[in-house]
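Work through the exercises below with the model open. Each task is followed by a solution in steps.

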Amino acid sequence: MSFKKPKAYFTEANSADVVTGQNIHAKNKRLEEVMGSITRHLHAAVKEIEPTQEEWMQAIEFLTKTGQMCDDWRQEYILLSDILGVSMLVDAINSRRPVGASENTVLGPFHIGGTPEYEMGTNICLDGKGEDLVVRGRVFDTEGNPLEGVKIDVWQANDEGFYDVQQKGIQPDFNLRGVFRTGSDGSYWFKAVKPKHYSIPTDGPVGKLLEDLGRHPYRPAHLHYILSKDGFDDVTTHIFDPNDPYIDSDSVFGVKESLIADFRKIDDPQKLNELEFTGSFYWDVEFDFVLAKKRDSV
Ligand code: BEZ
Ligand code: FE
């Protein structure tokens, strides 16, 4: 392949055109489109910011440290994408659904495979720590028909704000995780503990960035769900506690109005007895989901 002399040499004014002009032989046209857009936006940002050489080196060092923090267990780049709102934006673009269907939110880094499947009503809290919670609801299609056999994969942090995988040897493996299947009326229920807000990891460059920006690292209390059934779009989502102090300032922007649940405190001794809870109260949250048929997705 022969490369012709460019129509113009690089100047401050024509910088993005000169760079993108050299990509025209790209074998992968999508890559050319993506790199063209990134180049144009990056050059526009640099022109707006006018960084000093020191500031540019600081940016390079930040990205270097972010990469060095990554391994099989830690993904600092995903965390960066999360706190920039990019994870939520990519998810929103890829999970457009008909009105009425349940909305997605971030998956987060703490989902694992191999979670045991339990009978309805099982307590997923394996160490007895935290305030008792009953989670229940139904799953429907967009026409209001109950959906039987929906796989519901749930996971949550404990009442100190840690997932089991963050506290190996402290929490039992698979603590506060479970897989359930809806019954013929679309219903599901299980016992768990009331979640609390927690901090995303702050011991890396992303934590430092949040601190320098005057932002807190907290996520409001939530339970994670993945709902799946053949022929329907998977729903990867959370339900949130509206009374959490961070409900309006989630560090990763995961909160959506439609995902806010109602956690009710119950102290009725008969109900406590029926559920075999030994404390003086428990929390009850009811949350229904609507799955969109694969062809319904817009
Ligand atoms: C989570 O909810 O598990 C999570 C999401 C994004 C970043 C960190 C944690
Ligand atoms: Fe979480």
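**Exercise 1: Contacts of the ligand**

A polar side-chain atom of His-222 lies 3.2 Å from an oxygen atom of ligand 1. The model is predicted: local features need pLDDT of at least 70, side-chain atom pairs count only at pLDDT 80 or more, and totals for chains, interfaces and linings use all residues. Residues are numbered from 1 along each chain as written, chains are lettered from A and ligands numbered from 1 in the order written, and side-chain values use heavy atoms, without hydrogens and water.

Solution. 
- Apply the cut-off for a polar contact, a pair of N or O atoms within 3.5 Å.
- Now take the surface: ligand 1 alone exposes 270 Å², and the protein buries 100% of that (Shrake-Rupley method, 1.4 Å probe).

**Exercise 2: The shell and the cavity**

Task: describe the residues around ligand 1 and the space that ligand 1 takes.

Solution. 
- Collect residues with a heavy atom within 4 Å of the ligand. Among them are Asp-82, Phe-110, Arg-219, His-222 and His-238.
- Sort them by class: 6 are nonpolar, 4 polar and 2 charged.
- A cavity is a set of points on a 1 Å grid over the protein atoms alone, where a 1.4 Å probe fits but cannot get out.
- The largest cavity holds about 100 Å³ of space. Its lining includes Leu-79, Val-106, Pro-201 and Val-252.
- That lining has 8 nonpolar, 2 polar and 2 charged residues.

**Exercise 3: The largest pocket**

Task: which helix gives the largest share of the lining of the largest pocket?

Solution. 
- A pocket is an open set of points with protein on both sides within 12 Å along at least five of seven lines; lining residues have an atom within 4 Å of a point.
- The largest pocket has a volume of about 910 Å³.
- It is lined by 23 residues, and Gln-58, Ala-59, Ile-60, Phe-62 and Leu-63 lie nearest its centre.
- α2 (29-49), α3 (53-68) and α6 (205-212) each supply at least two lining residues.
- α3 gives the largest share, 9 residues.

Notes: Polar contact = N/O pair within 3.5 Å; in protein donor to acceptor, adjacent residues only side chain to side chain. Sits in = over half its atoms within 2 Å of the grid points. Nonpolar A, V, L, I, M, F, W, Y, C, P; charged D, E, K, R; others polar. Points joined across faces, edges and corners; volume = space filled by probe spheres on them. Helix = DSSP H or I, 4+ residues; strand = E, 2+ residues; numbered from the N terminus.
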